[in-house]
Amino acid sequence: MKIPGKTTLVLLSLFGSLLGAAAAETSLPDTIAAPGLTVVLTARAVGQQIYECKAGSDGKLAWAFREPIATLFADGKTVGRHYAGPNWEHMDGSAVVGKAAGNAPGKTAGDIAWLKLEATAHRGSGTLAGVTTVQRINTQGGVHAGACDKAGVFFSAPYSAEYVFLKKG
């Protein structure tokens, strides 16, 4: 039986969409999955993870994570920024602040962890206003380790990640 060309394309497109959705759902670790939520925005972050050389509770110097500084991109355009808090701010003036709720290791030892963050505060009434959960996935880089010799010294580790902004409903 021969299927007409348009029907074939529609079926292939539908099948590909279903496979893509299934792969996206099954590829996330349970600790950061957010079943039942709707994607508001997926943005690629490119920036730095900032570390500071500090004395630990044992008095020894070690690198401590301080803050992220990144630009957010969607569809090849700058759509916002990510910074300490953690905060994500959209160009439309909306923003969300999050608190870590789950994590999973990055793909390599040099990749920062994947995270699930719950929204704790909002600003503005734009794109990020209704966001309840933020996922950081597909991380590359951002880890810094090793000895530090002088308290107060900073180190910037380049990183990239995808941030998925989700809401209920």
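Modeller: Gladly! This is a predicted model, and a search of the whole structure turns up 5 salt bridges.

Biologist: What makes the pair Arg44 and Glu162 a salt bridge?

Modeller: The closest N and O atoms of Arg44 and Glu162 are 4.0 Å apart. The cut-off asks for a side-chain nitrogen of Lys or Arg within 4 Å of a carboxyl oxygen of Asp or Glu, and the pair is listed as a salt bridge on that basis.

Biologist: What does the bridge between Arg44 and Glu162 tie together?

Modeller: Arg44 sits in strand β1 (residues 37-55) and Glu162 in strand β8 (residues 154-168), so the bridge ties together parts that are 118 residues apart in sequence.

Biologist: Are Arg44 and Glu162 buried, exposed or partly exposed?

Modeller: Arg44 has a relative accessible area of 27%, and Glu162 has 24%. Buried means under 20% and exposed means over 50%, so Arg44 is partly exposed and so is Glu162.

Biologist: Which residues are linked in a network of salt bridges?

Modeller: Glu52, Arg66 and Glu67 are.

Biologist: Why is Glu52 called buried and Arg66 partly exposed?

Modeller: Glu52 has a relative accessible area of 15%, and the limit for buried is under 20%, so Glu52 is buried. Arg66 comes out at 44%, between the limits of 20% and 50%, so Arg66 counts as partly exposed.

Biologist: How do you know that β4 and β5 are paired strands?

Modeller: Strand β4 (residues 87-90) and strand β5 (residues 95-104) are joined by 3 bridges and run antiparallel. Pairing needs at least two bridges, so 3 bridges are enough. In one of these strands, β5, Val96 is the bridge partner of Trp88. The two strands form a hairpin with 4 residues between them, and Gly93 in the turn has a positive phi of about 95 degrees.

Biologist: How many bridges pair β5 with β6?

Modeller: There are 9, with β5 and strand β6 (residues 114-123) antiparallel. That also meets the requirement of at least two. Val97 stands opposite Ala121 in β6.

Biologist: What makes the peptide bond from Gly85 to Pro86 cis?

Modeller: Its omega is near -5 degrees, and the bond is assigned as cis. Most peptide bonds are trans. Pro86 lies in the loop between β3 (77-83) and β4.

Biologist: Which residues lie nearest the centre of the second largest pocket?

Modeller: Pro86 is one of them, together with Phe65, Pro68, Leu115 and Arg136, and the lining has 16 residues. The elements that give two or more residues to this lining are β1, β2 and β6, with the largest share, 4 residues, coming from β2. The space in the pocket is about 210 Å³.

Biologist: What is the value of phi at Asp75, and what is it at Asn138?

Modeller: Phi of Asp75 is near 50 degrees, a positive value in a residue other than glycine. Asn138 also has phi near 50 degrees, again positive and not in a glycine. Most residues other than glycine have a negative phi.

Biologist: Where are Asp75 and Asn138 placed, and are Asp75 and Asn138 exposed, partly exposed or buried?

Modeller: Asp75 is in the loop between β2 and β3, and its relative accessible area is 81%. Exposed means over 50%, so Asp75 is exposed. Asn138 is in strand β7 (residues 133-141), and at 24% relative accessibility against limits of 20% and 50%, Asn138 counts as partly exposed.

Biologist: And how much of the chain is buried?

Modeller: Buried residues make up 34% of the 169 residues. The chain has 1 helix and 8 strands, in the order α-β-β-β-β-β-β-β-β along the sequence.

How values were computed: Residues numbered from 1 in each chain as written. Predicted model: local features only at pLDDT ≥ 70, side-chain atom pairs only at ≥ 80, totals over all residues. Heavy atoms only, no water. Buried < 20%, exposed > 50% of the residue type's maximum accessible area, 1.4 Å probe, protein only. 1 Å grid on protein atoms, 1.4 Å probe; cavity = no way out; pocket = protein on both sides within 12 Å on 5 of 7 lines; lining within 4 Å. Points joined across faces, edges and corners; volume = space filled by probe spheres on them.
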